[in-house]
Amino acid sequence: MKVITIGKIGNEERVDPGFADLVQQKSGKELRQCYHCLKCSAGCPISFAMDWTPNQIIRMVQLGLKERVLSSSTIWLCASCETCFTRCPNEIDLPTIMDTLKEIAIRNGIKSEQASIQIFHRVFLNCIREYGRLHELSLLASLKVLTLNLFEDMGLGMKMFNKGKINLLPTRIENIHELDAIFRAFGESKRSKI
Ligand code: SF4
Ligand code: SF4
């Protein structure tokens, strides 16, 4: 976790004054009502591993520190557990805002230090688009190849397979074209590149 040094912003970082509006418009969520009571950050189970706490991310969005926000580990480490949303007195929907920031980071071509998490998100979405549901084996195979992390968790995978938790062949939902229409509505014209 770091401390925001407000005095440095003007000299060292470009401020995008429209960034908070963009995030609000894309997420459909209000974030200017945050008065930094820290209840979200105090309850976040992942904050110990984040470079910026959840309320610091909100503050930096409010300040227009686009590059710092979009390159942070926090937006990728957020597990969407909704603890922050539940605790927030202003009902600020941080999980949705974090998802929006991920999407903006991808569209801006910003690579995360948490590259494997970024790859996981793309592989997961591609799997949902292809089959309409998760097929764990396809997801794991793609993830292992793309992260070049071939053998980690192999023992765990075998245990799950032996217990019948991993299906060999994927199955598609009915009317998959309806799902395709949803992806197209969000500007995804084809399977996303990793
Ligand atoms: S709990 Fe809500 S109001 Fe408090 S700092 Fe977090 S987002 Fe802001
Ligand atoms: S949703 Fe994300 S930011 Fe909020 S408490 Fe959970 S991990 Fe932390």
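Reader: What covers the buried residues of α4?

Author: In this predicted model, the cover includes α2 (19-27), α3 (39-43), α5 (66-70), α6 (74-77), α7 and α8. Two residues count as in contact if their C-beta atoms, placed from the backbone, lie within 7 Å.

Reader: Which residues of α4 are called buried?

Author: They are Pro54, Asn55, Gln56, Ile57, Ile58, Met60 and Val61. The label needs 20 or more other C-beta atoms within 10 Å of a residue's own.

Reader: Why is α4 said to be largely enclosed by the rest of the structure?

Author: Helix α4 covers residues 54-63. Seven of its ten residues are buried, so the helix is largely enclosed.

Reader: What comes just after α4?

Author: Gly64 does, with a positive phi of about 80°.

Reader: Why is α2 called roughly perpendicular to α8?

Author: Look at the angle. α2 and α8 pack at about 110°. Angles from 65 to 115 degrees count as roughly perpendicular. The value falls in that range, so α2 is roughly perpendicular to α8. The axes of the two helices lie 9 Å apart.

Reader: Which residues of α2 and α8 meet?

Author: From α2 come Val23, Lys26 and Ser27. From α8 come Thr96, Ile97, Thr100, Leu101 and Ile104. By class, this contact has four nonpolar, three polar and one charged residues. Lys counts as charged, while Val, Leu and Ile count as nonpolar.

Reader: Which residues come nearest to ligand 2?

Author: Cys44, Cys78, Cys81, Thr83 and Cys84 do, out of 13 residues around ligand 2. A residue joins that group if its C-beta atom lies within 6 Å of the ligand.

Reader: Which elements give two or more residues to the shell around ligand 2?

Author: They are α7 (83-87) and α8 (94-107). The largest share, three residues, comes from α8.

Reader: How do the residues of that shell divide by class?

Author: Ten are nonpolar, two polar and one charged. Cys counts as nonpolar.

Reader: What makes up the secondary structure of the protein chain?

Author: Twelve helices and zero strands. A helix here needs at least four residues.

Reader: How much of the protein chain is buried?

Author: Buried residues make up 23% of its 194 residues. The C-alpha trace spans about 55 × 35 × 35 Å along its principal axes.

Reader: What share of contacts join residues at least 24 apart?

Author: The share is 67%, among contacts between residues at least 6 apart in sequence.

Definitions and conventions: Residues are numbered from 1 along each chain as its sequence is written. Chains are lettered from A and ligands numbered from 1 in the order in which they are written. This is a predicted model: local features need pLDDT of at least 70, side-chain atom pairs count only at pLDDT 80 or more; totals for chains, interfaces and linings use all residues. A residue is buried if 20 or more other C-beta atoms lie within 10 Å of its own, exposed if 12 or fewer, and partly exposed in between; C-beta atoms are placed from the backbone. Axes are lines fitted to C-alpha atoms, for helices over the stretch in contact, and angles run from 0 to 180 degrees between N-to-C directions. Angles under 35 degrees count as roughly parallel, over 145 as roughly antiparallel, 65 to 115 as roughly perpendicular and the rest as oblique.
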